[in-house]
Amino acid sequence: MNIAEWLATAARLHPAAPALLEGTEVRADYATFARRAAAIAANLRTTYDVQPGDRVALFLGNSTQYLEAFYGIWWAGAVAVPINAKLHGMEAAWICANSGAKLAFVDSDTLVTLGEARANDADPIVLLDTDSAAFSALYDATATGSPVVREIDDLAWLFYTSGTTGRPKGVMLSNGNLVSMSLCYLADVDSVEQRDAAVYAAPLSHGAGLYNFIHVRHAARHVIPASGGFDADEVLDLGRALGSVSMFCAPTMVNRLVAAAKARGENGEGLKTIVYGGAPMYLDDIKAAMTVLGPRFIQIYGQGESPMTITSLPRALHVDRDNPRYIERLSSVGIAQSAVSVRITDDEGRPLPPGEVGEVEAKGPPVMLGYWNNPEATRETIVDGWLRTGDVGKLDEDGFLTLSDRSKDVIISGGTNIYPREVEEALLTHPAIREVSVIGVPDPEWGENVVAYVVVESGAQFDEKIFDAHCLARIARFKRPKRYVQLDELPKSNYGKILKTALREMSARAEQR
Ligand code: AMP
């Protein structure tokens, strides 16, 4: 089974249905969308020798071309490697090389970023600019035929997730993973109809992009906001103009949407569903959101390794105010999605009874095949078919999961994961820095902010501006510390391990003062 068959079917059944929109402007109906995908696939094969199973990277901001390129890749039986467009060129180049991508779709911005990073390569990767006339010529070619036949367990999406090891790992998602994730959406998240409009205000390279499949299956509308990203006023305008809008939002985006609606005296007219997740949502925030926008919310909890699909807190439970456990449930991330089993285990991996806190584990068809070319990391993460999420939480007797912490040190800022190790490694390459430790500090707007605790070499200067420029040259902008704190030494355990907990306490004390 090839996931691109869903597009072929939608185009056969609903050729004239609007498919791709920029703002409120329709750019392609389903017949055109499918024809372009077939044409891109034919070109990938004939011009670039892309064979089934070959990897093709996508390093570009949200656009309708992104979806066309996606389906061109799958139509050809190849594997999409979507890369967050906010990454540094060097980070994107590393992912291209690690995945062995044959070529990369880029836009006019990322063309420069990736081009510079790969300028000195002996065999630089081919870059296809989706903003160029060459791309339109590529997709305007006449092409017929069906998507290349693929097996359900064949790789379709290679999702690079940052890791505690400092280098990102490629999460291998098969056609089957994508299908079961999409069917869980229908069973546990929301219904989908042809009149719906999926608005992509969060990066298509991530969770929001994964929700395209179920909307393609139902020949619904795919909308790229004219701003290319998230603008709360624009989303409210799109709701009014298009109606039946569904979208994925990180909690930070939900809060902004609520503030904008409040300021305009609106209640989110035309917004059908806001699926939120990716980072903790505070109880007061979701209550405030429902007061302003009404019963439009559904929460999901997932991770790249079981994409968007571990638990969900359905719409009905958001408004089940008479239930004696209402507040407890609203503070949870909901119950296991239909295709997934969830359990909590202790340090030895033994299952724990309800009420006890331990690591969250998930098992079921959405769980990844493993990490790309990294059997060791796969063995550590999937044990007897159970995915060790690295999240800490507890289940109640009714199966509601409440997350309390993360066992990994990951920082989630604005819904995006930032691994301290990556930032620390970048900073440690600066000659003035002897030691550094990076933590996430609570922030009402972003969830967490990145803060670096730095010990400088004796006689060296502590200069935030210089450290910031150093980070800018090496890692994505959004990963840079928002603040630097100078220390004479870092707090350490008897074994010499840096105590991030002590830094977190230090930061909390400083906040209180
Ligand atoms: P990613 O792999 O980038 O999608 O990040 C997944 C991580 O985000 C999870 O392991 C959790 O730590 C966190 N996360 C995802 N959804 C939620 C949620 N609904 N509430 C709290 N944290 C979440």
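I call two strands paired if DSSP finds at least two bridges between them. Strands (E, at least two residues) and helices (H or I, at least four) are DSSP runs, numbered from the N terminus.

**Ground rules.** This is a predicted model, where local features need pLDDT of at least 70, side-chain atom pairs count only at pLDDT 80 or more, and totals for chains, interfaces and linings use all residues. Residues are numbered from 1 along each chain as its sequence is written, and side-chain values use heavy atoms, with hydrogens and water left out.

**Sheet.** I looked up the strand order and got an open sheet of 9 strands with mixed pairing: β2-β1-β10-β9-β11-β12-β13-β14-β15. β2 (25-29) and β15 (335-336) are the edges; each has a single partner strand, so one side of each lacks a neighbour in the sheet. Then I checked β9 against β10 (residues 221-224): they run parallel, joined by 3 bridges. Ala197 has Arg221 of β10 as its bridge partner.

**Cavities.** I searched on a 1 Å grid over the protein atoms alone for sets of points where a 1.4 Å probe fits but cannot get out; lining residues have an atom within 4 Å of a point. Points are joined across faces, edges and corners, and volume is the space filled by probe spheres set on them. I found 2 cavities of 30 Å³ or more.

Key. 1 Å grid on protein atoms, 1.4 Å probe; cavity = no way out; pocket = protein on both sides within 12 Å on 5 of 7 lines; lining within 4 Å.
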